Amino acid sequence: MATRVRPSNKRCAVIGGSGFLGRHLVETLVDRGYSVSVFDIRQSYELPGLTFHLGDLCDEQALLPALKNASLVFHCASPAPASDDRELFERVNIQGTRTVIQACLEAGVQKLVLTSSASVVFEGKDIKNGQEDLPYARKPIDYYTETKIEQEKLVLQACDREKDFLTVAIRPHGIFGPRDPQLVPILVDTARRGKMKFIIGDGTNLVDFTFVENVVHGHILAAENLRPNSPICGKPYHITNDEPVRFWDFMSEVLVALGYAAPRFHLPYILVYGLALLLWLLSMILRPVLSFKPTFTPMRVALAGTHHYYSCDRAKQDLGYKPVVSLKEGIQRTVQSYPHLRKGA
Ligand SMILES: NC(=O)C1=CN([C@@H]2O[C@H](COP(=O)(O)OP(=O)(O)OC[C@H]3O[C@@H](n4cnc5c(N)ncnc54)[C@H](O)[C@@H]3O)[C@@H](O)[C@H]2O)C=CC1
Ligand SMILES: CC(C)=CCC[C@@H](C)[C@H]1CC[C@H]2C3=C(CC[C@]12C)[C@@]1(C)CCC(=O)C[C@@H]1CC3
């Protein structure tokens with residue numbers, strides 16, 4: 001009988017490695033001596049020694065060559081949350097994740113680390129210092145959240161010591177940092193269109209924003225602590241900056257640093273949420289004849305006007321996690337990385 005070659009534990013694959021988080025993760029893994037192969041539907045950069053595999057994660061035959069000889073896989077691919085394409089979310093986040101698990105088992109991968117999201121427990125209502133044992137959202141606020149819940153369940157349930165296949169999920173929240181295509185660009189675009197004048201609610205709601213390098217650190221700690229006898233097998237972990245901040249203070253700090261005015265006027269939360277709901281309904285009804293994407297979606301208004309911050313005590317205890325970059329430094333480094341988004345640039 002042929003003996004199976006045991007994959008090197010420094011050989012890994014990053015699914016979604018062309019994305020914002022994925023690329024930061026890949027760069028850190030390479031710096032730490034891992035041999036990395038990247039799987040994505042697009043290639044956004046090049047690095048010496050890095051192998052890129054282009055394909056759709058729903059296609060097992062396309063995935064298998066990228067996983068060959070890898071003992072560890074990071075799955076951080078997802079359609080962008082801004083899309084409202086239910087079919088796409090279900091295909092990629094649910095069916096695609098089943099395919100990823102199947103391909104890992106076939107390729108003899110021993111560890112799978114999923115990038116989930118703290119939003120899997122968020123229903124648009126306040127969460128203060130939320131722990132991992134909060135129930136999944138019964139009424140997820142959008143298709144992205146709905147399918148991230150199913151994705152996390154699939155990966156955690158696949159954890160099987162007998163099959164030598166261990167899984168863990170990282171739940172980051174509000175990732176920001178250099179090259180982020182969402183947070184700062186959306187904020188600046190809104191400011192440039194003159195729509196960043198208003199604070200939704202009283203402006204005191206606390207939120208977690210997490211610098212991307214801390215999220216990467218959490219992923220690598222999870223991978224390196226994932227062993228058959230470890231308590232982390234099959235569990236989710238919040239990874240945040242552990243410095244909840246007022247949503248509107250964070251937005252104002254970034255805006256002012258880039259030369260824009262901070263929002264000043266208050267609008268009642270319930271009024272803006274109601275309007276966003278109405279606009280969303282209208283966009284659904286008019287979809288066949290007119291396509292428009294409102295800036296103020298119910299999800300965005302809920303994110304901007306409620307408390308949503310999470311405890312990362314479990315990660316501290318089980319993974320030895322501690323943020324490596326403070327919020328202050330993270331904001332400075334992020335702002336410096338966007339010279340083209342400065343006012344007047
Ligand atoms: N950005 C954030 O604030 C947060 C992100 N997350 C999660 O982190 C992960 C990474 O997010 P980001 O880096 O922000 O997103 P991103 O959009 O920059 O990266 C996602 C990557 O997945 C790839 N991808 C999408 N569909 C694919 C498919 N069918 N096959 C292969 N590759 C595919 C994309 O091409 C892209 O490179 C996602 O799972 C997201 O749900 C969780 C919490 C917060
Ligand atoms: C903490 C967390 C989960 C952040 C996620 C990032 C995005 C959801 C936000 C990044 C920029 C934000 C933003 C708004 C909502 C939430 C974001 C898209 C507004 C649309 C909220 C209403 C406004 O007044 C304008 C805001 C622009 C920036």
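Me: In this predicted model, does L282 count as buried, partly exposed or exposed, and at what relative accessibility?
Reply: Buried means under 20% relative accessible area and exposed means over 50%, with partly exposed in between. L282 has a relative accessibility of 44%, so L282 counts as partly exposed.

Me: How many aromatic pairs does the structure hold?
Reply: Aromatic pairs are counted where ring centres lie within 6.5 Å. On that criterion, the number of aromatic pairs in the structure is nine.

Me: Is the pair of F198 and F265 stacked, tilted or edge-to-face?
Reply: Planes under 30 degrees apart count as stacked and those over 60 as edge-to-face, the rest being tilted. The ring centres of F198 and F265 are 6.1 Å apart and the planes stand at 50 degrees, so the pair is tilted.

Me: How many residues apart are F198 and F265, and which strands hold them?
Reply: The pair links distant parts of the chain. F198 is in strand β9 (residues 198–200) and F265 in strand β14 (residues 265–267), at a separation of 67 residues.

Me: Is the pair of F209 and F250 stacked, tilted or edge-to-face?
Reply: The ring centres of F209 and F250 are 3.8 Å apart. Their planes are at 5 degrees, so the pair is stacked.

Me: Where in the chain do F209 and F250 lie, and are they buried or exposed?
Reply: F209 is in the loop between β10 (206–207) and β11 (210–211), whereas F250 is in helix α7 (residues 247–257), 41 residues apart. Ring pairs link both into a cluster with F176, F211, F247 and W248. F209 and F250 are each buried.

Me: Over which ring does the charged end of R314 sit?
Reply: A charge over a ring also occurs at K10, which lies over the face of Y34 at 4.3 Å from the ring centre. The charged end of R314 is 5.6 Å from the centre of its ring, that of Y237.

Me: What is the relative accessible area of H219?
Reply: H219 is found in helix α6, residues 212–225. Beyond residues up to four places away in sequence, H219 touches L21, L25, F74, V113, T115 and I170. H219 is buried, with a relative accessible area of 1%.

Methods
Residues are numbered from 1 along each chain as its sequence is written. Chains are lettered from A and ligands numbered from 1 in the order in which they are written. This is a predicted model: local features need pLDDT of at least 70, side-chain atom pairs count only at pLDDT 80 or more; totals for chains, interfaces and linings use all residues. Side-chain values use heavy atoms; hydrogens and water are left out. Rings of Phe, Tyr and Trp (its six-membered ring) pair if their centres lie within 6.5 Å; planes under 30 degrees apart count as stacked, over 60 as edge-to-face and the rest as tilted. Helices (H or I, at least four residues) and strands (E, at least two) are DSSP runs, numbered from the N terminus. Buried means under 20% relative accessible area, exposed over 50%, partly exposed in between (1.4 Å probe, protein chains only). A charge sits over a ring if NZ of Lys or CZ of Arg is within 6 Å of the ring centre and within 35 degrees of the ring normal. Contact means heavy atoms within 4.5 Å.
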